[in-house]
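Here is a walk through one protein model, taken a region at a time. Keep the structure in view as you read.

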Amino acid sequence: MRALILSDIHSNLQAFDAVLADADDAGGYDMVWFLGDLVGYGSDPSVCIDRLRRLPHVAIAGNHDHAVTGKLNPDLFNGAARAAALWTAQQLSDDEIAYLAALPEVRQTEKFTHVHGSLRDPVMEYLISEPAALATFALMETPFCLVGHSHYPLVWTEEDGRAGVELLDPATPLLLESGRRMIVNPGSVGQPRDGDWRASYLLYESEAGGKAGMLHHRRVEYDLAGAQNGILSAGLPESLAIRLGNGH
């Protein structure tokens, strides 16, 4: 089985389409595992929702998804994110809002737990510190956990009561070892923040005989100018267009 693992698309249609095309070129996939924040920031929320819904997929909610459905107060966001959430809510149909509102905060698929933020705080906690990682390891009921939210492609590993972290490397597949627990973030499709503007995602290959499988980290160039122009044409904050090019 091959799964396409995506997070934080953030209404960036150009990046989403580039990732789908790249995954097809890399051998395709049987299922999409989406880790939240389908909307927010970008200018094409409806089309991105439609793209995902047409694919075989399982998905969870992120904080921006909650903000546009009323489950989270957008006043908790910074100014640009709040403006994007309010604008996005006005663009969506009742059916699209209902789809986002029905997304669970946590789910389990095979040997993986899926959550946007952390198991301690599913939509709001950034899993970027050792205490946060250890708290999620303590709550995991599966060997592996997939998270989003921070927009950083990284892997946390647990050993002797400590948690270590490394950035994912597209040149080196990540072997999911039996007996070694991991928390993995695929990075962001629509708004990377690790200094690389290219869309970031994972391809998962399971293995026969009960073996855990392997994760391949991939980076993809996309129509950056098109995404930026869409943000500006929609009247969204200019800062959202600028940060796409900065990768921050």
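The largest cavity has a volume of about 80 Å³. Bear in mind that the model is a predicted one. The structure holds one cavity of 30 Å³ or more.

Helix α7 covers residues 224-233, and helix α8 covers residues 238-246. Their axes come within 8 Å. They cross at roughly 170 degrees. An angle over 145 degrees counts as roughly antiparallel, and α7 and α8 are therefore roughly antiparallel to each other. From α7, the contact uses Leu-224, Ala-227, Gln-228, Ile-231 and Leu-232. From α8, it uses Glu-238, Leu-240, Ala-241, Ile-242, Leu-244 and Gly-245. Sorted by class, the residues of this contact are eight nonpolar, two polar and one charged.

Stay with α7. Which of its residues are buried? Leu-224, Gly-226, Ala-227, Gly-230 and Ile-231 are. The cover over these buried residues includes α1 and α8. After α7 comes Gly-235, with a positive phi near 80 degrees.

Now turn to α1, which spans residues 13-25 and contains Leu-20. Is Leu-20 buried or exposed? Its relative accessibility is 11%, so Leu-20 counts as buried. Leaving aside residues up to four places away in sequence, Leu-20 touches Leu-4, Tyr-29 and Leu-55. For a sense of distance, take Met-140, which is 120 residues from Leu-20 along the chain. The C-alpha atoms of the two are separated by 30 Å.

Next comes the largest pocket. About 260 Å³ of space lies in it. Its lining has 15 residues, and those closest to the centre are Val-155, Glu-166, Leu-167, Leu-168 and Leu-174. Strands β7 (153-159), β8 (162-167) and β9 (174-175) each supply at least two lining residues. Which strand gives the most? It is β8, with four residues. The lining of the largest pocket divides into eight nonpolar, three polar and four charged residues.

Between β7 and β8 runs a loop, and Asp-160 lies in it. Asp-160 is not a glycine, yet its phi is positive, at about 55 degrees. Most residues other than glycine have a negative phi. The relative accessibility of Asp-160 is 74%, so this residue counts as exposed.

Glu-110 also has a positive phi of about 55 degrees, and it is not a glycine either. Where is Glu-110 found? Look in the loop between β4 (106-109) and β5 (112-115). Glu-110 has a relative accessible area of 48%, so it is partly exposed.

Move on to strand β10, residues 182-186, where Pro-186 lies. Pro-186 has a relative accessible area of 0%, so it is buried. What does Pro-186 touch, not counting residues up to four places away in sequence? Its contacts are Ile-5, Leu-6, Ser-7, Leu-35, Val-147, Pro-153, Ser-200, Tyr-201, Leu-202 and His-217. Of these, take His-217, which is 31 residues from Pro-186 in sequence. In space, the two are 7.1 Å apart, C-alpha to C-alpha.

The last stop is Arg-120, in the loop between β5 and α6 (130-139). Arg-120 and Leu-139 are 19 residues apart along the chain. Their C-alpha atoms are separated by 7.6 Å. With residues up to four places away in sequence left out, Arg-120 touches Glu-125, Pro-131, Ala-132, Ala-135, Thr-136 and Leu-139.

Terms used: Residues numbered from 1 in each chain as written. Predicted model: local features only at pLDDT ≥ 70, side-chain atom pairs only at ≥ 80, totals over all residues. Heavy atoms only, no water. Axes fitted to C-alpha atoms, helices over the stretch in contact; angles between N-to-C directions. Parallel < 35°, antiparallel > 145°, perpendicular 65-115°, else oblique. Contact = heavy atoms within 4.5 Å. Nonpolar A, V, L, I, M, F, W, Y, C, P; charged D, E, K, R; others polar. 1 Å grid on protein atoms, 1.4 Å probe; cavity = no way out; pocket = protein on both sides within 12 Å on 5 of 7 lines; lining within 4 Å. Points joined across faces, edges and corners; volume = space filled by probe spheres on them. Buried < 20%, exposed > 50% of the residue type's maximum accessible area, 1.4 Å probe, protein only.
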